[in-house]
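Colleague: I would like to learn how to read a model of this kind, feature by feature. Please give the general idea each time, then the case at hand.

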Amino acid sequence: MLFRSKIINIASVAGLVGRDANTYNSIAYCASKGALVNFTRDLAVKWAQHNIQVNAICPGFFVTPINARMFEGVKDKVLRGIPLGRTGGADEMKGIAVLLASDASNYMTGAIIPVDGGQHLLG
């Protein structure tokens, strides 16, 4: 039996691009998520020989109980920075997580996948 394992890191679109200081005051958050993105890439290379796939999902803006109050204060600015013009919904992370956990992704490693309504495209 061939040993196989999968690691799915949850980073953020904030780890892929700089953020507008008028909307997001989050230098440490962006730096830590950028580190997780590069950690994912490096670990994918090093653990591929052991048949361990390492990938990352980079969510964009999803309204949660933690950030809902802040979102109300910057809603228009946030939405202008998302080509789809809306935040992510409760079910919109499930598909990519299932894909990365399934055999359908056995030939994927080191993938950094934004789920952000196109936000990373605007930098």
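Colleague: How many aromatic pairs does the structure hold?

Modeller: First, the ground rules. This is a predicted model, in which local features need pLDDT of at least 70, side-chain atom pairs count only at pLDDT 80 or more, and totals for chains, interfaces and linings use all residues. Residues are numbered from 1 along each chain as its sequence is written, and side-chain values use heavy atoms, with hydrogens and water left out.
Rings of Phe, Tyr and Trp (its six-membered ring) pair if their centres lie within 6.5 Å; planes under 30 degrees apart count as stacked, over 60 as edge-to-face and the rest as tilted. The structure holds one such pair. Its members are Phe61 and Phe71, tilted, with 5.1 Å centre to centre and 35° between the planes. Phe61 sits in the loop between E2 and H2 and Phe71 in helix H2, 10 residues apart.

Colleague: Is Phe61 buried or exposed?

Modeller: Buried means under 20% relative accessible area and exposed over 50%, with partly exposed in between (1.4 Å probe, protein chains only). Phe61 has 8% relative accessibility and therefore counts as buried. Phe71, at 6%, counts as buried too.

Colleague: Which residues of H2 are buried?

Modeller: Helices (H or I, at least four residues) and strands (E, at least two) are DSSP runs, numbered from the N terminus. In H2 the buried residues are Phe71, Val74 and Val78.

Colleague: Where does H2 bend?

Modeller: The bend at a residue is the angle between axes fitted to the seven residues ending there and the seven starting there. For H2 that angle is about 80° at Val74.

Colleague: What span should helix H1 have?

Modeller: The expected span is 1.5 Å times one less than the number of residues. H1 (residues 27-47) has 21 residues, so it should span 30 Å, and its end C-alpha atoms are 30 Å apart, which agrees. H2 (residues 68-80), with 13 residues, reaches 17 Å from first C-alpha to last, close to the 18 Å expected.

Colleague: Which strands do the buried residues of H1 pack against?

Modeller: Contact means heavy atoms within 4.5 Å. The buried residues of H1, among them Cys30, Val37 and Leu43, pack against E1 (5-10), E2 (52-59) and E3 (112-115). Leu36 is also found in H1; leaving aside its neighbours within four places in sequence, Leu36 is in contact with Asn9, Ile10 and Ala11.

Colleague: What is the order of the strands in the open sheet?

Modeller: Two strands pair if DSSP finds at least two bridges between them. The order is E1-E2-E3, with parallel pairing. E1 and E3 stand at the edges with a single partner strand each, so one side of each lacks a neighbour in the sheet. Six bridges join E1 to E2, and Ile8 has Asn55 as its bridge partner in E2. Four bridges join E2 to E3, where Ile57 is partnered by Ile113 of E3.

Colleague: How many residues of E2 are buried?

Modeller: In a regular strand the side chains alternate between the two faces of the sheet. Ile52, Val54, Ala56 and Cys58 point one way from E2, while Gln53, Asn55, Ile57 and Pro59 point the other way. Eight of the eight residues are buried, so E2 is largely enclosed by the rest of the structure.

Colleague: Which strands does helix H3 lie across?

Modeller: Axes are lines fitted to C-alpha atoms, for helices over the stretch in contact, and angles run from 0 to 180 degrees between N-to-C directions. H3 (residues 94-101) lies across E1, E2 and E3, running at about 150° to E1.
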